[in-house]
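Hi,

Here is the structure I promised to pass on. Please have a look at it first; my notes follow below.

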Amino acid sequence: MVHAGYLTIKAKLGFDEYVLRIVNGEVKQDLIQILKRIFSLDDCNVYEMFEMIQEGKIKEFEEAYQEILFNYPSYFDLKDENSYHVLMLGLCIIVSDSYEIMSNQEKGYGRADIYLKSKKGQRDIVIEMKYAESETEESLLASAEKAMAQILNKHYGDDAIKIGIGNHQKKAKMIWKDIK
């Protein structure tokens, strides 16, 4: 996406790590349209997903996310934590008029996978993802718990809604904390 001109490097973090940003508003709108076509989504579906988080409907959010995993990407494409991170980041871009999206930027004592800072007075959201060793419920939950522990231990957003997600191929489990 950088070489194609959709993204540009905002900052270099390390040898092979960068903070990227969308080049401009026109490119952002093009990316949103591409993502919606790929995942057969419309704005309402994605906005409803993120409203579920704000309303404390984590089970419904998990089901909507699970439906996207089941119906759209191939499990060949979902091979590590980064695959799921990019997928979730794509969904977040659709709601970027409501949230400032921060991916792998410093928060607290580390770098949160995704931090959504509300532009409209809602709660901020922190999402941390881990890749599970297998698709068993135990492995997925253990990975989600590891993600949540990282959010809490590194203080990624003490006042934010926190979501830890364990992923493996086309399955996911979430742990959610809404500490006010």
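Strands β6 and β7 make a hairpin, with six residues between the two, and in that turn G121 has a positive phi of about 80°. Strands here are DSSP runs of E with at least two residues, helices are runs of H or I with at least four residues, and both are numbered from the N terminus. Before going on, please note that this is a predicted model: local features need pLDDT of at least 70, side-chain atom pairs count only at pLDDT 80 or more, and totals for chains, interfaces and linings use all residues. Residues are numbered from 1 along each chain as its sequence is written, and side-chain values use heavy atoms, with hydrogens and water left out.

β6 (residues 114-118) and β7 (residues 125-131) pair in the antiparallel sense over three bridges; two strands count as paired if DSSP finds at least two bridges between them. I114 has I127 of β7 as its bridge partner, and L116 stands opposite I125 in β7. β6 also pairs with β3 (residues 99-103), again in the antiparallel sense, over five bridges. There, E100 stands opposite K117 of β6. Four of the five residues of β6 are buried, where buried means under 20% relative accessible area, exposed over 50% and partly exposed in between (1.4 Å probe, protein chains only).

These strands belong to an open sheet of five, in the order β3-β6-β7-β8-β9, with mixed pairing. Its edge strands are β3 and β9, each of which pairs on one side only. On average, neighbouring strands of the sheet are turned by 15° against each other, direction ignored.

Now the helices. α4 (residues 81-94) lies across β3, β6, β7 and β8, and runs at about 150° to β7. α5 lies across β7, β8 and β9, at about 145° to β8. For these angles, axes are lines fitted to C-alpha atoms, for helices over the stretch in contact, and the values run from 0 to 180 degrees between N-to-C directions. Contact means heavy atoms within 4.5 Å.

Why should α5 (residues 137-153) span 24 Å? The helix has 17 residues at 1.5 Å a residue, and its end C-alpha atoms are 24 Å apart, which agrees; the expected span is 1.5 Å times one less than the number of residues. Among the buried residues of α5 are L140, A144, A147 and I151. Their cover includes β5 (110-111), β7, β8 (161-168) and β9 (171-178). Just after α5, H155 takes a positive phi of about 55°.

Best wishes
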